[in-house]
Amino acid sequence: MNKSLHLYFVRCCLIICCLTTFSKVLHAQTDADGQMIPKNFFCGVVMYDHSSWNNYWEGTFKRNNLNIGTLTANTYSVMGNYGISNKLDFLFTVPYITTNASGGTLAGQKGFQDLNISLKWHPYQTKIGKGAFGLYAVAAASTPTSNYEPNFLPVSIGLHSTTASLRVLANYQTGRFFVAGAGQYIYRSNITIDADAYYTTREIYSNRVYMPDVTNFLFSTGYRSVHFNAEAIISQTTTHGGFDIRKNDMPFPSNEMNMTTAGVLFKYSFDAVAGLELTAGGNRVLDGRNVGQSTDFFGGVLYLFDFSKNNKK
Amino acid sequence: MKKNLYYITGLLGLTVLVFLGSCKKSVIDRTALYPALAPSNIDLNADTWKPVLITDASIFNVPAPDAVTSPAYVADLNEIKAYQSNLTDDQKAIIKYWSAGAVLRWNEILRGLVAKHNLPPYQNEDGTYPAPSSTNPFAYPQFPFSNPPYAARAYAYVSAAQYDALIAAYHFKKMYNRAAPYNIAGIQALIPKSALASYPGEDAVVAGATVEIMKLLFPTEIAYIQQKASEEMQYRMMAGANVRGELNAGQSLGSQVADVFAARARTDNAGKAIGTQAVWTQLQVQTAARGETYWISLESPSRPPMLPLFGKVIPFLFDTAAVKTLRPGPPNLTNSAAFKQEVAEVLSYSKNYTREHQAQVEFWADGAGTYTPPGHWNAIAATEFVQQNYSEVRWARNLALLNMAEMDAAICCWDTKYFYFNQRPTQANPAIKTLTGIPNFPSYTSGHSNFSGAASTILTYLLPDRGTKFTDFANQAAMSRLYGAIHFRSDCEAGLVTGNKVGQYAIARAKTDGAGN
C-alpha cells in the first residue's frame, strides 16, 4: 500500500446522517463532502447508526410523551462509491431500519427503507491563495425498496416518497484545514397511504398525500490529513410547506419537518491494513419543528478496492 | 473559461429540471369532482313523509313571499342579474362547489369539523386531564372533544334537523308554489333546473337548520359556519336558483326547526356523559365485585374513561329501555380458558402481522384527529348517494337514517362497554403491541363493529343493488380491530351483531316513513 492509495482512501468518504426524527428527512448523506474517489476504484462500506429521542416538537411546542417513551431507530446500511472517472463518482446506499417505542403500545417497525443513488461531479478546481478551492455537484435520487407503512409515525421507518435532489458544494482546503458549505434542494414525490381520507388543516378525500419539497444547507470544517479526518458539521433542514402537528395529535408524513443539527465525524485509516478505514461520529438535533430531538451515533467500516488497470499491471 | 461555462450551464440545467419536476404535485380530492345535483325525482310528496321530531309543519312561521310584481321582488331579481353579469372565477368555483348539493356539502363540512376537534386533551402539569367545557368553549381544551360517541350524536342531530326542516319546507313550497327565478326572462340557470317550487329555498333551509344546531354542537366554529352559509346563499342567487327573499325565509324556517332539536339535545343526557370521579371509581368497584379484572387506562398519564355515561343518552330510534335489551351477554370471564385463548389469538396477530393487515388497520383506524368511524360511514354513504341523483330531502332522509342508527349504536355500545368494563388485550398481556392506538375505553364490544354493523345494515336496505358491499366493509372494519391487536375477536363479533340490530330499527323506520325505499 503506497502513500497515494492512502490519499484515495480518505476520499472514499461517506457520511451517514441518520436522524431518526419522525422520519428520515435526511437519509444517508453519502455525498456531503468535498472529496472524490479516483477512476476505477470502489469503496464498500457497512455502517451502523443508533438514533433516539425522548422529546419532540408539536409545531413549536416541545414536549415528551410517555405513550412513546424513547423512540429508537437502528439503521444498518450498505454503501458503495465507485469512481467512473476522477471527476465523477457513483454512490449508492441501502438502509435496513428497525424502530422501537419504549413507552405506549405501538409496535416497532422494521424493513429495508429507501435505495439512494447519486452521481457526484467535481467540475472545477482552482488555487486561491495557499489553498485549493473546489466545486462539486451531486445529483441524487431515492426510492423505497419495500412496501413499508409511512402513515404510522413515529414508528414508521420512512415516508415512502421518491426523491430527486441536487446539491452544490464548495470546499476550500489549506494545509490540513478545510471549510465546506453546501446547499441542497430535494424534490419529493407525493405518497400513497392506506387511509383514503385524512386531515391536515382541512379534510382531504384522497389516499394521495402532497409532500412538500425540502432544502438542506450545511457547513462543515475540520482537519483532513492522509490518515485522519475530524470535522464538525452544522446543518439546517427545512420543509417548504406542510403543516404543524396539532396539540396532542399524532405526526403525519406531510408535516412541516424542520431541524437544525450539529454533528461530528471522524475517519481513520491504517498503515498496517491496506484499504481499510474506520469512521464514527454523531449528530444532535438542536432545534426543530414537528420532529424528534434525536441524538445519533454511528460507526462504519470502509474498504477500498482498486479495479484500475494501472494497479493490475 | 469556456469549459467553466459548460459546467455552469450543466448545473443550471439540472437545477431547472429539479424545480420543474416540483410543479405538478397537486392532490385531487375526489369530492371536488362531484357533478351538480340533478335529482331524478324531486319527491314532491315529501311534505307527507314522517319527520323525526316535529309534528306539524304549519306551526312554523313562514310568511307569504313578496308578490312577483312588488318592488322588493324586482329588486331581488336585479341582485341576481348584477351577480350574473360579472361572475368572477372565485364565484364560479363557489357555484361549482355548492351545486353538488346542500346536504352533501354540509355533511362534509361537519366531517371536517369533527376531525379538527377530535383530539384528546393534553395533560395538566400534575398528570390530570382538563375537560372541555360547553360554557367556556374557547378555553383549552376547546369544546367539544368530538370523539366517536360525540361525533355520532352530532351527525345524527345535524342530519335529522336538516331532514325535518326540509319536510317543513316542502309544506310551504306547496302552499306558496313560487317558481324559481331562473324561469324568468333575463335570468340564467347556472345549475340544472328543478321543477320544485323555490319558496322557501331548500338550500337555505338546510343551512339555517345546520347553523342553528351547530351553535350547540360546535360553538367555537360559528363564524366559520356562518361564512359557509352566506357563501351558499350567494351561490343560490348567482346560479339564478333563488332570490334573497326565498333564502331569508328558508334560513328562518331551518333555524326554527333546529330549535326543536336543540331543545332535545340539551336534555338528552349527553352533557352528563363524561361522569365524575365517583362514577369512574364505582365502575371499578362493581367490576371487581363480580370477580372480574376491571379496565384501566393504558395511556400515560392514566386518562379517565371516555364518556362512561354515554349509554344513558336518549336514543332516536328506540326508547331507553330498549338499550338494555340490546345489550349482549357478558364477555369471556377473566379466568376462563376461552379468555386466555382470545388473548393468545390477539398476541399472534400482534406478532405475526402482514402488510395487508397493516393496510386494513390503517384504512379503518379512524382514530384521534379523524372524522371517526361514523364519519367514515358518512363518507362511504355520500360517495354512493352522489351516484343516485337524490333530491335534497331524500339525501337528508337517508343520512338521517344512517346517523340516527350510528348515534343509537354508540349509545348501545357505550352502555355495553361500561356495563362490563372489561380490559383491553394489552392490559391482559403487555406483550401485545398494537398496529394503531388503543382507544381509551373498555374493550367489549368494539365501537367500530357496532358503528359498522348499524351503518351497513341501513345502507344495504337503502341501496340493495350494492349487494354485499357494505356488509363486506363492515366485516373488514370489525376485523381490522382484531388485526390491529386492540380488540378480542368476540368484541368485534358481538359488536357487529348489536350494530345490525340497531340498523334494523332504522330499516323499520325507513319502511314506514312514507318515502318509499
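This is a predicted model: local features need pLDDT of at least 70, side-chain atom pairs count only at pLDDT 80 or more; totals for chains, interfaces and linings use all residues.
**Confidence**

I started with the scores. The model comes with ipTM 0.95 and pTM 0.95.

**Where the chains touch**

Next I looked up the contacts between the chains. I get 43 residues of chain B in contact with 39 residues of chain A. Which elements of chain B give two or more residues to that side? I find helix 1 (2-21), helix 4 (102-117) and helix 12 (355-365). Helix 1 of chain B gives the most, with seven residues. I also sorted the chain B side by class: 21 nonpolar, 13 polar and nine charged residues.

**Nonpolar cores**

Then I went for the inside. The largest nonpolar core has 175 residues, and the members that touch the most others are A165(B), L166(B) and A405(B). I picked L166(B) and skipped its neighbours within four places in sequence. What is left in contact with L166(B) is A46(B), E202(B), V205(B), V206(B), E392(B), V393(B) and A396(B). A separate core of 14 residues lies apart from the largest one, and its members include A32(A), W121(A), F178(A) and A182(A).

**A glycine in chain A**

I clicked on G300(A), which sits in strand 19 (residues 295-306) of chain A. Is G300(A) buried or exposed? It counts as buried because I find 20 C-beta neighbours inside 10 Å, and 20 is enough for that label. I also checked G300(A) against F61(A): the two are 239 residues apart in sequence, and their C-alpha atoms are 35 Å apart in space.

**Cis peptide bonds**

On to omega angles in chain B. The bond from Y140(B) to P141(B) is cis, with omega near -5°. I place P141(B) in the loop between helix 4 and helix 5 (148-176) of chain B. Another cis bond joins Y199(B) and P200(B), where omega is about -5°. P200(B) falls in the loop between helix 5 and helix 6 (202-217) of chain B.

**Positive phi**

I then looked for positive phi in residues other than glycine. T372(B) has phi near 75°, and this residue lies in helix 13 (residues 372-385) of chain B. T372(B) is buried, since 30 other C-beta atoms lie within 10 Å. F421(B) has a positive phi too, near 50°. I find F421(B) in the loop between helix 14 (392-420) and helix 15 (425-428) of chain B. With 26 other C-beta atoms within 10 Å, F421(B) is buried as well.

**A helix length check**

Methods
Residues are numbered from 1 along each chain as its sequence is written. Chains are lettered from A and ligands numbered from 1 in the order in which they are written. Two residues are in contact if their C-beta atoms, placed from the backbone, lie within 7 Å. Helices (H or I, at least four residues) and strands (E, at least two) are DSSP runs, numbered from the N terminus. Ala, Val, Leu, Ile, Met, Phe, Trp, Tyr, Cys and Pro count as nonpolar, Asp, Glu, Lys and Arg as charged, and the others, Gly among them, as polar. A nonpolar core is a set of buried Ala, Val, Leu, Ile, Met, Phe, Trp, Tyr and Cys residues joined through C-beta atoms within 7 Å. A residue is buried if 20 or more other C-beta atoms lie within 10 Å of its own, exposed if 12 or fewer, and partly exposed in between; C-beta atoms are placed from the backbone.
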